[in-house]
Amino acid sequence: PDGSIILLHACAHNPTGCDPNLDQWKAISKKIGNKSHHVFFDSAYQGFASGDAEADASALRLFVEDGHNVALAQSFAKNFGLYGERTGTFSVVTNSPEEKEAVLSQLRLIIRPMYSSPPIHGANIVKTVLDDAGLTDQYYGECKTMANRIQSMRTLLVEKLKEAGSTHDWSHVTGQIGMFAFTGMNSDMCDELTSKYSIFLTRDGRISLAGLNDGNVEYVAGAIHAVTDGKSITA
């Protein structure tokens, strides 16, 4: 119905890894505006999608430019390596100083009984890095290195699947983006990978590409081929 809250991943969609292109984002923005929906962005992988943190924010900025009063939940757990520190931000675009104060008062009512004062250590790490031009440049460079490595694992995994004898079309894996690959394997295949080959993944077929490296990708590819050979997968 009109006026619904629509949750969108800003980049590196989890679990599919399928991000809209710019024209598709524009169409989504227009449709949401026509329906008077409210946009809630989840941004957990900025910098880990394309390797460019600025580019990974393009969808969010497009929606703001289009006049949406977006809400943004942003996590630094992945892109700053701060798992366990509960570090992130929540931002809301408002129309006026008065609306800002009204929103802030409601957020305080939620925050006070929930956690009152958030952990500060992780937040100070992020602030220290982003307040320093040299550290920021280093951080962006390291994010790009990680994104490039993950993307190279996509390509290598598909190459090793072909070498193992797989005749499936795995182009959907190389066409995705981000830390995960939505392989198209069913739950039975996933269970067999875990029980027979000690490869752990969610039962919807999502694998973490960050767990692949030059030393294990051939084994993983061989195991995936073994459980999918002669069976259909969902591309």
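User: In which loop is Ser-36 found?

Analyst: Ser-36 is found in the loop between α1 and β2. Helices (H or I, at least four residues) and strands (E, at least two) are DSSP runs, numbered from the N terminus. Ser-36 has a positive phi of about 55 degrees, although it is not a glycine. The model is predicted: local features need pLDDT of at least 70, side-chain atom pairs count only at pLDDT 80 or more, and totals for chains, interfaces and linings use all residues. Residues are numbered from 1 along each chain as its sequence is written, and side-chain values use heavy atoms, with hydrogens and water left out.

User: Why is the β-α-β crossover called right-handed?

Analyst: The chain crosses from β1 through α1 to β2. A crossover is right-handed if, with the strands pointing away from the viewer, the path from the first strand over the helix to the second runs clockwise. This crossover is right-handed, so its path runs clockwise in that view.

User: Why are β1 and β4 called edge strands?

Analyst: The open sheet of four strands has the order β1-β2-β3-β4, with mixed pairing. β1 (5–9) and β4 (88–92) each pair on one side only.

User: What angle does helix α1 make with β1?

Analyst: Helix α1 (residues 22–34) lies across β1 and β2, running at about 165 degrees to β1. Axes are lines fitted to C-alpha atoms, for helices over the stretch in contact (heavy atoms within 4.5 Å), and angles run from 0 to 180 degrees between N-to-C directions.

User: How many residues of the lining of the largest pocket are nonpolar, and how many are charged?

Analyst: The lining divides into 11 nonpolar, six polar and two charged residues. Ala, Val, Leu, Ile, Met, Phe, Trp, Tyr, Cys and Pro count as nonpolar, Asp, Glu, Lys and Arg as charged, and the others, Gly among them, as polar. The largest share, four residues, comes from α4.

Key. Two strands pair if DSSP finds at least two bridges between them.
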